[in-house]
Amino acid sequence: MKIVVLVKQVPDPNAVRFDPRAGDIQSGTPQVANEYDLHAMEAAIQIKEQQGDVEIVAVSLGQARETLNRCLAMGADRAIVVEDAALASGDSAVTAKALAAVLRAEGFDLILVGQETSDGGTGSVGPALAALLDVPVVSNVVALEQQEGRLTVQREIEDGRQVIDLAPPAILCALSGLNEPRYPSLKGIMAARRKPTEAKSAADLGLEADAVQSRVSWGALFVEEETAEGIILKDVDADSAVDQLVAFLQERKLV
Amino acid sequence: MTNGASGVLLVVETRDGAIRETSRELFGIGRTLASETGGSLAAVVLGSGLDAAASEAAALGADRVLVADAPELAAFTVDAYAKAVDAAIDATSPAIVLLAGTTGGRDLAPFLATRRDAAYLVDCVRLARQDGSWVGTRPVYQGKVLTEVRAAGDGLTFATIHAGAFAAPEPDAGRTAETTALELNFAPGEIRVTVKDLVQAEAGPSNLEQAEVVVVGGRGLGEAANFKLAEDLASVLGGAVGATRAVTDLGWRPHYEQVGQTGKTIAPKLYIGLGVSGAVQHTVGIRGSDTIVAINRDPDAPIFKMADFGIVGDVQEIAPKLTEKLRAVRGG
């Protein structure tokens with residue numbers, strides 16, 4: 001069985017700050033593995049531990065060497081990175097087309113990906129790949145069991161949890177409730193150094209420039225003017241802040 | 001418009017035969033955009049047992065209602081819903097297809113847009129036509145900032161609409177619309193996944209939905225043990241304790257305490273968020289709250305944009321002081 005895990009390296013969501021002059025997030029924000037993708041990675045490793053004969057390939061678009069090294073250290077067998085600036089700056093549809101080219105060349109039984117990234121956060125790549133590769137997709141996955149070649153999946157939706165039965169090949173989009181991603185062990189980190197990471201270009205993937213034109217463009221980032229009514233205390237010591245909050249609650253007759 | 005495409009198609013999800021609130025919210029913006037394209041407003045209503053929902057779609061303003069009523073549509077699957085929406089697109093040739101930003105809408109829109117090589121604008125809080133293009137505004141970086149997204153508008157376009165961004169119109173019960181049933185005829189194996197069951201979230205002992213005061217703890221509390229801070233504060237205010245999805249995912253709290261898109265919707269007189277960042281999935285569940293108070297370390301946390309009173313600071317220091325002070329005030 002071959003499992004391909006799609007991962008992305010993103011600005012650390014806990015460190016993201018808006019820079020109004022640049023109309024962007026502050027430059028130099030540290031990069032981390034997208035959280036949901038690590039849950040997808042963990043799910044792949046658990047299947048391998050349970051079943052044995054499984055190859056795990058971690059695939060990323062854009063700069064992602066640290067993230068891929070982490071995946072290799074967690075237990076992926078090898079990694080592929082598409083380091084093409086034009087592709088990496090494309091919209092979700094371009095991302096999906098580039099990843100589909102890798103997936104067609106590689107072949108797969110199962111594709112695991114995080115539900116969405118913490119940056120663009122479209123959540124579109126899984127469903128778009130399902131359309132491009134003509135395989136079923138199940139999103140918002142919070143439980144996954146594999147038995148006799150079939151998958152039983154639970155997905156979290158507005159009304160509860162859907163319990164779904166399906167057979168590979170398929171695409172599953174992971175939420176953080178799925179599992180607890182392991183930290184790489186020292187042994188894993190050492191082993192990762194001997195595992196191959198293959199770099200591919202758009203040309204390697206046979207992607208023509210005009211086939212990967214973005215249809216959706218992003219403008220500058222901005223924030224809405226603060227709503228006038230909201231009182232937000234910053235840099236106020238805790239006792240004084242609490243006094244002001246209690247006075248506010250009393251004024252509104254809430255206490 | 002090329003190919004004579006004009007007008008708007010709404011993808012309307014139902015639950016137990018009634019239109020979902022998030023889908024009702026599509027009708028107002030749908031009407032506005034339909035006028036801007038010089039076309040009409042069509043709605044495809046999806047589910048099983050839909051006579052009432054079809055009339056409701058007409059009452060909410062659809063000029064034309066397509067009814068996709070089949071047992072295969074009782075539970076959401078991408079394959080079945082995509083087939084129905086595809087048929088509705090073929091029948092109506094819209095300029096734009098609007099879907100609610102539900103788990104289903106967020107699956108269907110990119111799937112269909114990709115199959116039709118169409119542009120897709122995600123999770124719009126605003127959406128308009130400008131000089132022939134579609135221009136949407138959407139939250140990015142987990143709701144910390146917004147950006148404008150733009151699609152050429154010269155072909156079919158898809159958009160999902162952020163829950164709560166647009167008000168649902170008042171239904172006009174006297175209104176009628178041309179209503180057609182879609183013949184779908186699902187072939188065996190065409191729906192490639194089988195929905196075996198829907199496990200309802202456990203009701204639990206929590207009275208979140210009725211409580212006048214709700215204290216919600218988020219991941220910013222740091223660890224499960226720190227939920228005591230939320231419990232103590234709720235106790236002194238006679239309120240209930242809720243949790244964000246991040247917290248229930250981590251197993252810190254039971255699922256029945258989860259507030260938000262895939263949890264409970266609450267409308268207390270007073271909401272207090274402790275270490276809650278205010279991700280969209282959570283805030284859609286609290287927007288009926290009268291007064292929102294937030295305490296969070298991150299000044300850019302989106303919850304501060306909707307808070308009536310916010311404190312940027314260390315929740316572990318502030319929450320106990322707040323509880324103590326309130327106990328003194330209420331006791332005295």
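I189(A) counts as partly exposed because its relative accessibility is 36%; buried means under 20% relative accessible area, exposed over 50%, and partly exposed in between (1.4 Å probe, protein chains only). This is a predicted model, in which local features need pLDDT of at least 70 and side-chain atom pairs count only at pLDDT 80 or more, while totals for chains, interfaces and linings use all residues; side-chain values use heavy atoms, with hydrogens and water left out. Residues are numbered from 1 along each chain as its sequence is written, and chains are lettered from A and ligands numbered from 1 in the order in which they are written.

I189(A) sits in helix α6 of chain A, residues 186-192 (helices, H or I with at least four residues, and strands, E with at least two, are DSSP runs numbered from the N terminus).

A cavity is a set of points on a 1 Å grid over the protein atoms alone where a 1.4 Å probe fits but cannot get out, and lining residues have an atom within 4 Å of a point. Points are joined across faces, edges and corners, and a volume is the space filled by probe spheres set on them.

The largest cavity has a volume of about 50 Å³. Its lining includes V137(A), R155(A), F76(B) and D107(B). β9(A) gives the most to this lining, with 3 residues.

The second largest cavity holds about 40 Å³. It is lined by P11(A), P13(A), V16(A), S118(A), Y141(B), Q142(B) and K144(B).

Definitions and conventions
1 Å grid on protein atoms, 1.4 Å probe; cavity = no way out; pocket = protein on both sides within 12 Å on 5 of 7 lines; lining within 4 Å.
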